[in-house]
Amino acid sequence: MLRKRQRVLVMDWERLSRILKTLNWIVLFFLGLSSYFFLHGSFTFGIIAGGLSIIANFALLERTILGAFSPGSNLHVNKAAIIGKYYLRLLGLGVVIYLLLRQHLVDPVGLTIGLSTVTISIVGIGIYMLRKTYSKEAI
């Protein structure tokens, strides 16, 4: 059974996770939309392909970590599974990026921008939380 403080932290993570997931899609939408109107098609496809692959990778990472730290799980045994799944995801992402670039389906700069979607969202949330902390407002 979770104590009250632990429940608050879990609820905060759940709320922050929902905000982050939503912000990921919003960032990808606006990057893709602005690219669609102002840049060429392979650049736009690079942004969308990179954004979709990194959002999927991030979702799988979250699922792996939540499963490893769930109540009743053996963290010592799960360390190897977490690391193994991390490297499998990294290998899969590398293969996808290689195939996209090798077939000249995407612009490399567009792909890089798309792969930055989650990073942009995390930095945005960090700036928002920092601003709220200094202005004495709750998130």
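Modeller: A definition to start: buried means under 20% relative accessible area, exposed means over 50%, and partly exposed lies in between. Keep in mind that this is a predicted model.

Biologist: Is Leu23 buried, exposed or partly exposed?

Modeller: Leu23 sits in helix H1, residues 4-38. Its relative accessible area is 24%. Buried needs under 20% and exposed needs over 50%. Leu23 is therefore partly exposed.

Biologist: Which residues does Leu23 touch, leaving out those up to four places away in sequence?

Modeller: A contact needs heavy atoms within 4.5 Å. With residues up to four places away not counted, the partners of Leu23 are Ser121 and Ile125.

Biologist: How far apart in space are Leu23 and Val118, C-alpha to C-alpha?

Modeller: In sequence, 95 residues separate Leu23 and Val118. In space, the C-alpha to C-alpha distance between them is 8.5 Å.

Biologist: What share of the chain's contacts with a separation of 6 or more comes from residues 24 or more positions apart?

Modeller: The chain has 5 helices and 0 strands. Its pattern along the sequence is α-α-α-α-α. Of the contacts with a separation of 6 or more, the share from residues 24 or more positions apart is 73%.

Biologist: Is Thr117 buried or exposed?

Modeller: Thr117 belongs to helix H5, residues 117-134. Among the residues it touches are Asn24, Leu28 and Ile54. Its relative accessible area is 0%, and the cut-off for buried is under 20%, so Thr117 is buried.

Biologist: Which residue's backbone oxygen does the Thr117 side chain reach?

Modeller: The distance is 2.6 Å. The backbone oxygen belongs to Gly114.

Biologist: Why do the buried residues of H4 line one face of the helix?

Modeller: Helix H4 covers residues 108-115, and its buried residues are Gly110, Leu111 and Gly114. Viewed down the axis of H4, these residues line one face because they fall within an arc of 100 degrees.

Biologist: At the start of H4, which residue's backbone nitrogen does a side-chain oxygen of Asp107 reach?

Modeller: The side-chain oxygen of Asp107 comes to within 3.0 Å of that nitrogen. The backbone nitrogen is that of Val109.

Biologist: Which helices each supply at least two residues of the lining of the second largest pocket?

Modeller: This pocket holds about 160 Å³ of space. Its lining includes Ile54, Phe58, Tyr86 and Arg89. The lining residues divide into 6 nonpolar, 1 polar and 1 charged. The helices that each supply at least two are H2 (41-68) and H3 (75-102).

Note on methods. Residues are numbered from 1 along each chain as its sequence is written. This is a predicted model: local features need pLDDT of at least 70, side-chain atom pairs count only at pLDDT 80 or more; totals for chains, interfaces and linings use all residues. Side-chain values use heavy atoms; hydrogens and water are left out. Helices (H or I, at least four residues) and strands (E, at least two) are DSSP runs, numbered from the N terminus. Buried means under 20% relative accessible area, exposed over 50%, partly exposed in between (1.4 Å probe, protein chains only). On a 1 Å grid over the protein atoms alone, a cavity is a set of points where a 1.4 Å probe fits but cannot get out, and a pocket is an open set with protein on both sides within 12 Å along at least five of seven lines; lining residues have an atom within 4 Å of a point. Grid points are joined across faces, edges and corners, and a volume is the space filled by probe spheres set on the points. Ala, Val, Leu, Ile, Met, Phe, Trp, Tyr, Cys and Pro count as nonpolar, Asp, Glu, Lys and Arg as charged, and the others, Gly among them, as polar. The arc is that of the directions from the helix axis to the C-beta atoms. A polar contact is a pair of N or O atoms within 3.5 Å; within protein, one must be able to donate a hydrogen and the other to accept it, and residues adjacent in sequence count only if both atoms are side-chain atoms.
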